[in-house]
Amino acid sequence: MSTDDEPGASGTPSGGSDRPQPRPVPPPLPSASGPAARLRAAASLRGHERRLRPAADSGADGAAAAGAAGTPERGGAAAPRPARRRWQPTSLGLFGIMLATMCVTLLLIQAFAGTFRPGGSDSASEPGPEGAAPPPAGTVRVMIAGDSISQGSSGDYTWRYRLWKHLTEDSGLNIDFVGPYDDLLAVNSGDPGDHHYADPDFDTAHASIWGASAGEIAEAIGEQVAEYRPDYLLVMAGTNELVRGGEADDALNGIRDVVDTARVAQGDIRFVIGELTPVRGGAGDEAMNARIAQFNAALPEVAAQLDGEESPVAVARTADGYDAAEDNWDPAHPNARGELKIAAAFADTLASALDLGDPYPRPLPEVEVGPRERPQVAAANDGGAVTLTWDPVPGATHYRVLQQRLSPDPDELVQLPMDIPAAGEGELTARVENLLSGARYEFIVRPYKGGDAGLGSEAVRIAADEEPPAAPEWVRVNTEGTHLVWAAVPEAGHFEIWRRPLDCSPGSSVRGAPPDPPAGAAGSPSGAGAAAERRCEPADEDGPPDGEGWVSVGLVDGDRRWPIATDGEAGYEFAVRSHRDYVEGAVSDPVEFVTPE
């Protein structure tokens, strides 16, 4: 930022306002990894502040200084300036300057980096409250800096939420989380700016960025601390150095830089550094977790080297009791259980090492994992299948469908072999096939974040494909008089045969029988002639199942013929009904058959 644009660069800002001006923000500080680098950063900060001070010629003091410097009076000539001798130090003088410079250097190191401990220190990384600087009175400002584990993604509570709830509700503190961001990462698109917290009722400000390494956090932390003035800086970072192929020392050096750079901006800031949590689910997990273990083992000694009386550094045992298989929703990122364990570890260290708040109550409560919003599902028949539709819920990476047949013949609730990925913001669908027509089903859509199942939808119920099939056509007895046959019905799956006896007496004629041929005509069928001699009538004009005497005598599946059995009766009336699973279709017109005498 150019100093020409600073309101205080030339006294009172334009407009003559007397309001206090905001704290000037220093330029981004370089990563500092040693005393010399810290001193260069401090000098840069002080130089920036000097450039922001009002010019010396403003006001009465400035005018007096100008007069003392020989400014000529009005209308007069300026007096000539005496020549100045150039000072040349002797060897002894140079030695004295060197000693003075060394003393100033040591003082600055102590001022900006805490107590100077050459070669490390034997003190514990988590000093007790007696040795720690007391918490500030009133509102306590806390900044959480880290990577994706601290930022979180859509649908998460985040461990920031758990810690804020504990400090404000359980410990009764007035806490102000500070930082330049308040968002999550959109878990499916990978874009920042998502605000779908599982519970947004907390102070969401933070200084964490998905994918950031500890070294990258150090590059921005000085400016962030200078702007937001946190009393406590909680840091959990270093995993991304290891993900990119670095070693534990690379991540630890990044942590050192975070502490050193933050202290340049604010010398009395208090630190809690979290251990790295383990990963799971990848081919390189064993090697990755070995480097994580090396980082965690070395972190207390690094904290002890950085620890200072006015700016203590403590370690949160976030990896203690952390199970990646149970506490991560994907290989590296915590689910609600993991978030709770991380928050509890930071709370414990704040209480025990820095006298801020209370330890987290034990045992830790049971918490539910997975997306916390239920999908709202609709169901519709779709050409013999059922289509389910719903809008995406925050945090879900994919969905699964559960199905149960309610009637007839109820079965168990089962998970179907389908996985619906969450893509974009549009409506999601699942098409369920191979259902029994006419059966009543219920479906539940369950969202998942990684491997964690969330809250399933309310059950939606529907009768599948209730449209009845058409009646069979061209029902007849074959020429041999042995089988009942009929035409195909594409939408039918099987057929039901109905039969009732005819009322036959001498002199009756068969309804629907062909007329008798002229006397003596050739080719007169003997069956028809015999039928004409036998007088048979149906019981009524109604077909099955309402007509008198109709009985279901058989089912035909996968064929369109049925063997006629007379069972000793003189004649029968037959009808065929279409079926599709549990759906009853239409019934054919009856056809009559009289047995030959």
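**Disulfide**

I went for the cysteines before anything else, counting a disulfide as a pair of cysteine sulfur atoms within 2.5 Å. By that rule I get 1 disulfide in this predicted model. It joins C504 and C536, with the sulfur atoms 1.8 Å apart.

C504 is partly exposed at 23%, whereas C536 is buried at 0%.

**Ground rules I am working under**

Residues are numbered from 1 along each chain as its sequence is written. The model is predicted, so local features need pLDDT of at least 70 and side-chain atom pairs count only at pLDDT 80 or more, while totals for chains, interfaces and linings use all residues; side-chain values use heavy atoms, with hydrogens and water left out.

**Largest nonpolar core**

A nonpolar core here is a set of buried Ala, Val, Leu, Ile, Met, Phe, Trp, Tyr and Cys residues joined through side-chain atoms within 4.5 Å. The largest one has 38 residues, and I221, L233, F271, I273 and F295 touch the most other members. Elements that each supply at least two residues include β1 (140-146), α6 (214-228), β6 (232-236) and α9 (285-306). Helix α8 (248-265) is also on that list, and α8 gives the most to this core, with 8 residues.

**Strands β6, β7 and β8**

I then followed F271 and I273 into their strand, β7 (270-274). I found 5 of the 5 residues of β7 buried. R270, V272 and G274 point one way from β7, F271 and I273 the other way.

For partners, two strands pair if DSSP finds at least two bridges between them. β6 and β7 pair in the parallel sense over 4 bridges, with L233 opposite F271. β7 and β8 (313-316) also pair in the parallel sense, over 4 bridges. F271 stands opposite V313 in β8, and the bridge partner of I273 in β8 is V315.

**Helix α11**

α11 covers residues 336-354, 19 residues in total. Its span from first to last C-alpha is 26 Å, close to the expected 27 Å; the expected span is 1.5 Å times one less than the number of residues. I count 16 of its 19 residues as buried. At the start of α11, a side-chain oxygen of N335 comes within 3.0 Å of the backbone nitrogen of R337.

I looked at β9-β10-β14, an open sheet of 3 strands with antiparallel pairing. β9 (378-382) and β14 (428-432) are the edge strands, each pairing on one side only. β10 (residues 385-390) pairs with β14 over 5 bridges, and T387 stands opposite R431 in β14.

The other one is β18-β19-β24, also an open antiparallel sheet of 3 strands. β18 (476-477) and β24 (561-563) are at the edges with a single partner strand each, so one side of each is left without a neighbour in the sheet. β18 runs antiparallel to β19 (residues 483-485), joined by 2 bridges, and R476 is opposite V485.

**P590**

Last entry: where does P590 sit? I place P590 in the loop between β26 (583-587) and β27 (591-594). P590 is partly exposed, at 35% relative accessible area. Its C-alpha is 9.6 Å from that of E541, which is 49 residues away along the chain.

Note on methods. Buried means under 20% relative accessible area, exposed over 50%, partly exposed in between (1.4 Å probe, protein chains only). A polar contact is a pair of N or O atoms within 3.5 Å; within protein, one must be able to donate a hydrogen and the other to accept it, and residues adjacent in sequence count only if both atoms are side-chain atoms.
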